[in-house]
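Please look through the structure below.

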Amino acid sequence: MRLSGIFLATVLSLASQSASGSQTANVEKNGVILKGYDPVTYFTQPKPEKGLAKFTAEYGGAIYQFSNEANQALFKKDPQKFAPAYEGWCATAVAGGYKYDIDPENFKVTNGRLFLFYRGWRGDAKKDWVKDEPKSLQKADELWPTVKALKE
């Protein structure tokens with residue numbers, strides 16, 4: 001009986017890992033997207049603000065955190081308006097056909113869409129994006145269905 005309990009626990013654990021492995025959004029291990037930044041603040045303030053664990057909402061398989069209850073309510077009314085393009089992956093990388101992590105403070109809002117970019121020792125992906133934003137946007141939108149299916 002004890003052995004079958006261990007077997008069942010193992011199977012359930014593997015199923016859980018498999019389900020989380022199918023996650024396409026750029027989330028932390030705890031399921032939080034945007035590294036905990038409040039998605040509404042990208043649109044309402046010059047600089048995004050960190051969210052708090054007490055104000056959350058789930059959308060598209062990711063957990064969003066908010067800096068206050070008002071932003072949480074705004075998001076819940078229209079999550080598509082505030083959710084990042086390409087499920088939080090670097091927009092420049094998506095335009096190149098792959099997924100790459102982001103710096104949540106390196107962003108651009110264009111035509112009501114939130115785009116996030118990598119910034120680190122490899123450079124600043126936002127600089128490449130803005131060199132020809134219309135072309136980058138077209139390429140990323142075209143490739144996103146394929147890139148979305150890629151493993152991280």
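The face of α3 turned away from its buried side carries exposed residues: Glu69, Ala70, Lys76 and Lys77. This is a predicted model. Helix α3 spans residues 69–77. Its buried residues are Asn71, Gln72 and Phe75. Seen down the axis of α3, the buried residues fall within an arc of 105°, so they line one face of the helix.

What lies over that face? The cover of the buried residues of α3 includes α2 (41–44) and α4 (79–82), along with the strands β1 (52–59) and β2 (62–66). The N-terminal end of α3 has a cap, Asn68. A side-chain oxygen of Asn68 lies 3.1 Å from the backbone nitrogen of Ala70. Ala70 is also one of the exposed residues on the face turned away from the buried side.

## The β3–β4 hairpin

Strands β3 and β4 run antiparallel, joined by five bridges. They form a hairpin with two residues between them. Asn111 sits in the turn and has a positive phi of about 50°.

Two pairings can be named. Phe107 has Leu116 in β4 as its bridge partner. Val109 stands opposite Leu114 in β4. Is β4 mostly covered or mostly open? It is mostly covered, with four of its five residues buried.

How many salt bridges does a search of the whole structure find? The count is seven.

One of them joins the side chains of Lys108 and Glu133, at 3.2 Å from N to O. The pair links distant parts of the chain: Lys108 belongs to strand β3, Glu133 to helix α7 (residues 133–148), and 25 residues separate them. Lys108 is partly exposed, at 22% relative accessibility. Glu133 has 14% relative accessibility and therefore counts as buried, since the cut-off for buried is under 20%.

Asp141 pairs with Arg113, and their closest N and O atoms are 3.0 Å apart. Asp141 lies in helix α7 and Arg113 in strand β4 (residues 113–117), so the pair ties together parts that are 28 residues apart in sequence. Asp141 counts as partly exposed, at 33% relative accessibility. Arg113 is partly exposed too, with a relative accessible area of 30%.

## A network between loops

Which residue meets Lys35 in a salt bridge at 2.8 Å, N to O? The partner is Asp101, and the contact is between the two side chains. This pair links distant parts of the chain, 66 residues apart. Asp101 is in the loop between α5 (91–95) and β3 (103–110). Lys35 is in the loop between α1 (2–21) and α2.

Asp101 counts as partly exposed, at 32% relative accessibility. Lys35 is partly exposed as well, with a relative accessible area of 24%. The pair belongs to a network of salt bridges that links Glu28, Lys35 and Asp101.

Key:
Residues numbered from 1 in each chain as written. Predicted model: local features only at pLDDT ≥ 70, side-chain atom pairs only at ≥ 80, totals over all residues. Heavy atoms only, no water. Buried < 20%, exposed > 50% of the residue type's maximum accessible area, 1.4 Å probe, protein only. Arc of directions from axis to C-beta. Contact = heavy atoms within 4.5 Å. Polar contact = N/O pair within 3.5 Å; in protein donor to acceptor, adjacent residues only side chain to side chain. Salt bridge = Lys/Arg side-chain N within 4 Å of Asp/Glu carboxyl O. Pairing = 2+ DSSP bridges.
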